Amino acid sequence: MNIGVCRINLRLPENETLKGKRTVVQSLIIRVRDKFHVSVAEVENGDKWQIATIGVCCVSNDLRHANEVISRIMDYIQDTRLDVEILDCETEFVNVF
């Protein structure tokens with residue numbers, strides 16, 4: 001079993017309130033979860049209104065597949081969410097058992 005974990009730091013340049021941030025981040029989380037069938041959550045920077053950090057986790061029987069899913073998620077965010085800028089991405093893969 002292989003686990004791919006990714007922490008994505010985002011900037012929301014057009015956002016002006018925490019309520020606006022919550023709307024954008026929750027929409028992104030729901031869309032990524034539904035499209036890619038992965039676990040997604042906001043994990044840091046909950047009190048900053050123009051910065052968000054989300055965590056993504058993918059479990060697969062093939063390391064290459066987990067890497068591909070994480071890469072497709074990054075491409076999806078970059079291509080479809082023009083209101084969000086990816087600042088940084090840290091990815092780690094773990095082979096369990």
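Author: This is a predicted model. Let's start with Phe 97, which is exposed because its relative accessible area is 88%, and the cut-off for exposed is over 50%.

Reader: Switching to the inside: which residues touch the most other members of the largest nonpolar core?
Author: That core has 24 residues, and the ones touching the most other members are Ile 8, Val 32, Val 38, Ile 54, Val 56, Ile 73 and Ile 77. At least two core residues each come from β1 (2-11), α1 (18-36), β3 (51-60) and α2 (63-80). The largest share, seven residues, is from α2.

Reader: What does Ile 77 touch?
Author: Leaving out residues up to four places away in sequence, Ile 77 touches Ile 8, Leu 10, Leu 28, Val 32, Ile 54, Val 84 and Ile 86.

Reader: New topic: what's up with phi at His 37?
Author: His 37 has a positive phi, near 55 degrees, and is not a glycine. Most residues other than glycine have a negative phi. His 37 lies in the loop between α1 and β2 (39-44).

Reader: And what about phi of Asn 45?
Author: Asn 45 also isn't a glycine, and its phi is positive at about 60 degrees. You'll find Asn 45 in the loop between β2 and β3.

Reader: Is Asn 45 buried or exposed?
Author: Asn 45 is buried, because its relative accessible area is 18%. His 37, at 69%, counts as exposed.

Note on methods
Residues are numbered from 1 along each chain as its sequence is written. This is a predicted model: local features need pLDDT of at least 70, side-chain atom pairs count only at pLDDT 80 or more; totals for chains, interfaces and linings use all residues. Side-chain values use heavy atoms; hydrogens and water are left out. Buried means under 20% relative accessible area, exposed over 50%, partly exposed in between (1.4 Å probe, protein chains only). A nonpolar core is a set of buried Ala, Val, Leu, Ile, Met, Phe, Trp, Tyr and Cys residues joined through side-chain atoms within 4.5 Å. Helices (H or I, at least four residues) and strands (E, at least two) are DSSP runs, numbered from the N terminus. Contact means heavy atoms within 4.5 Å.
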